[in-house]
Amino acid sequence: MQTAALETLVTISRVGSFSRAAELRNMTLSALSMQMKTLEQELEVSLFDRAFRPPRLTPTGAQVAQDALRVVEAEAALRARCAPHGRLTGTIQIGFVQSAAARILPDFLRRATEEAPEAVLRFTSALSETLCEQVRQGQLDAAVVTEIADATADLHSDALAREEMVIVAPAARETPHLTDLPGGMRFIHFMPRSGIGRLIAQYLRDMNLETRDPIVLDNIESIVTCVRNGLGYSLLPHPDALRYGGGSVRYFSCTPAPVFRRLSLVTRSDALTDHWRAPLRDLLRQCIPPRDPE
């Protein structure tokens, strides 16, 4: 019996889908189905009820999947013990929150190619809440997200950076007070459902600020371009706003106290991630120059 088949069974158990599991395992659907049939023959038991679409684990199959997880974790721990200390190895599925991907991913890919040539890294991007759920379900191994208490509560979280949220206003505006900006200007709100969007909404509520008919956009570059053209003002992470605005817009700290977004690496807490979590975290931290101390 090959542990690869057990890894596939664990993946199917987590995501509940043959097709999604095949994608995550980098297999064709037919190859995955054959692998599971072979495993059933070796164990002489029906792991799946194929009367359902997609096939469901039988009660015995669910128990075998739990046992398989322990086997897979034990193998991972064994490999970790024998692997070079502090090296990033294996195949890792990583998600990036969209607002940070453009700034972090290029340097991360370059460093990973040079410093972790044995690792196979695959990437995707989405909102923080979506990425956290995908990590929780096993669809991703790790994700770089905006820290959200309820979304990351049951996940292992390593802080990568703390970035100040700043008011971004047209260059002609000289006031550093957000309360002076609403008159005659529209607020441009970055995706309210996102981690950044929720930070923005909370600050507006705390300051008792009304933003009538806000413009809602899902792209920081588009927001900064609108601000640069005098179409409104916004509240954004300083590094991302600076990347697109440079000296063509003005930046002001929030008052009466600064507001920060916490960028974190989230993973599950199990033996499958223990051997690569620290080197992945350290590699990511090299790609995010510190702007504000913890």
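In this predicted model, Q134 touches T124, Q139 and L140, leaving out residues up to four places away in sequence. Q134 itself belongs to helix α6, which covers residues 128-137. The relative accessible area of Q134 is 18%, and because buried means under 20%, this residue counts as buried.

The protein chain contains 11 helices and 11 strands. Its C-alpha trace spans about 75 × 45 × 30 Å along the principal axes. Of its 294 residues, 47% count as buried. The chain exposes about 14,500 Å², and carbon and sulfur atoms supply 50% of that area. Among contacts between residues at least 6 apart in sequence, 72% join residues at least 24 apart.

What does L280 contact, leaving aside its neighbours within four places in sequence? L280 is in contact with L88, I94, F108, A142 and L265.

A pair of aromatic rings is described by the distance of the centres and the angle of the planes. A search of the whole structure finds 5 such pairs. In one of these pairs, the ring centres of F96 and F108 are 6.1 Å apart and the planes meet at 55°, so the pair is tilted. F96 lies in strand β3 (residues 90-97) and F108 in helix α5 (residues 98-115), so that the pair links parts of the chain 12 residues apart. Both F96 and F108 are buried. Together with F123, F96 and F108 form one aromatic cluster.

A further aromatic pair joins F187 and Y233; it is edge-to-face, with 5.2 Å from centre to centre and 65° between the planes. Because F187 lies in strand β7 (residues 186-190) and Y233 in strand β9 (residues 232-237), the pair ties together parts that are 46 residues apart in sequence. F187 is buried, with a relative accessible area of 2%, and Y233 is likewise buried, at 3%.

Rings also meet charged groups. The charged end of R56 sits over the ring of F52, at 3.9 Å from the ring centre. The charged end of R162 sits over the ring of F260, at 4.1 Å from the centre of that ring.

Which residues of α1 are buried? They are A5, L6, T8, L9, V10, T11, I12 and V15. An α-helix has 3.6 residues a turn, so residues three or four places apart point the same way. After α1 comes G16, whose phi is positive, near 70°.

Notes:
Residues numbered from 1 in each chain as written. Predicted model: local features only at pLDDT ≥ 70, side-chain atom pairs only at ≥ 80, totals over all residues. Heavy atoms only, no water. Phe/Tyr/Trp six-rings, centres within 6.5 Å; stacked < 30°, edge-to-face > 60°. Helix = DSSP H or I, 4+ residues; strand = E, 2+ residues; numbered from the N terminus. Buried < 20%, exposed > 50% of the residue type's maximum accessible area, 1.4 Å probe, protein only. Lys NZ or Arg CZ within 6 Å of the ring centre and 35° of its normal. Contact = heavy atoms within 4.5 Å. Areas by Shrake-Rupley, 256 points an atom, 1.4 Å probe, with all protein chains shown as cover.
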